[in-house]
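Have the structure open while you read.

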Amino acid sequence: MHDESEMFRKGFDNRKAVLGAGHVERSWAAADDFNRPVQRMVTEFCWGEVWGDDRLSFKTRSMINIAMLTAMSQHHELSVHVKGALNNGVSRSEIQSVLLQTLVYCGAPATLAAFRTATAAMAEWDAAQVEEGA
């Protein structure tokens, strides 16, 4: 990673702060010649440029992501970002409120699936917190 740009390094740090260092480092280590370019672009642009813009807090960005990922039915990414939201100080009550709002704008099927995904993600996050504390 020493050959990466300053924006990449900023993005990598932001990504670790939100998603957890272990998750991000494992993802980068698992990148191969085929998917490393997209991992680099996501890290540099999404996490460096966009998440690096301090006009919105990480907490606010997490809540926006939960709503958008619900709207797009992107359950894997929603799971990752629910855990990231908890890392960013978003409360379970706030996550619930965001998801309830998606019912109105995204529809019941998308919201029901998002609640299932969020419930599982929160349980995984809780288990990881216990494991880290052990």
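The points below go from the overall fold down to single residues.

1. First, the ground rules. This is a predicted model, where local features need pLDDT of at least 70, side-chain atom pairs count only at pLDDT 80 or more, and totals for chains, interfaces and linings use all residues. Residues are numbered from 1 along each chain as its sequence is written, and side-chain values use heavy atoms, with hydrogens and water left out.

2. The fold reads α-α-α-α-α-α-α along the sequence, with 7 helices and 0 strands. Helices here are DSSP runs of H or I with at least four residues, strands are runs of E with at least two, and numbering starts at the N terminus. The radius of gyration is 15 Å, close to the 14 Å from the globule rule for 134 residues, so the protein is as compact as a globular protein of that length. That radius is taken over C-alpha atoms, and the rule is 2.2 Å times the number of residues to the power 0.38.

3. Along the principal axes, the C-alpha atoms fill a box of roughly 45 × 35 × 30 Å. Of the contacts between residues at least 6 apart in sequence, 65% join residues at least 24 apart; contact means heavy atoms within 4.5 Å.

4. On burial, 34% of the 134 residues are buried. Buried means under 20% relative accessible area, exposed means over 50%, and partly exposed is in between (1.4 Å probe, protein chains only). The accessible surface comes to about 7,900 Å², and 57% of that belongs to carbon and sulfur atoms. Areas come from the Shrake-Rupley method with a 1.4 Å probe, and for residues only the protein chains shown count as cover.

5. Take a look at helix α3 (residues 36-50). Its 15 residues should span 21 Å at 1.5 Å a residue, and the end C-alpha atoms are 20 Å apart, which agrees. The expected span is 1.5 Å times one less than the number of residues. Gln-39, Thr-43, Trp-47 and Gly-48 are the buried residues of α3, and the buried residues of this helix pack against α1 (6-19), α2 (21-30) and α5.

6. There are 8 salt bridges, each a side-chain nitrogen of Lys or Arg within 4 Å of a carboxyl oxygen of Asp or Glu. One of them joins Lys-59 and Glu-94, with the closest N and O atoms 3.2 Å apart. This pair links distant parts of the chain, since Lys-59 sits in helix α4 and Glu-94 in helix α6 (residues 92-106), 35 residues apart.

7. Helix α7 takes part in such pairs too. Glu-124 and Lys-83 meet in a salt bridge at 2.5 Å, N to O; Glu-124 is in helix α7 (residues 108-133) and Lys-83 in helix α5, 41 residues apart. Arg-92 and Asp-126 form another, at 2.4 Å, N to O. Arg-92 is in helix α6 and Asp-126 in helix α7, so the pair ties together parts 34 residues apart in sequence.

8. Which residues form a nonpolar patch on the surface? Leu-56, Ile-64 and Met-68 do, with about 240 Å² of accessible area together. Patches use residues with over 30% relative accessible area and no salt bridge; like charges are joined within 9 Å, nonpolar side chains (Val, Leu, Ile, Met, Phe, Trp, Tyr) within 5 Å. Met-68 lies in helix α4 (residues 58-71) and is partly exposed at 43% relative accessible area.

9. Last, check Ser-73, which has a positive phi of about 55 degrees although it is not a glycine. Ser-73 sits in the loop between α4 and α5 (75-87).
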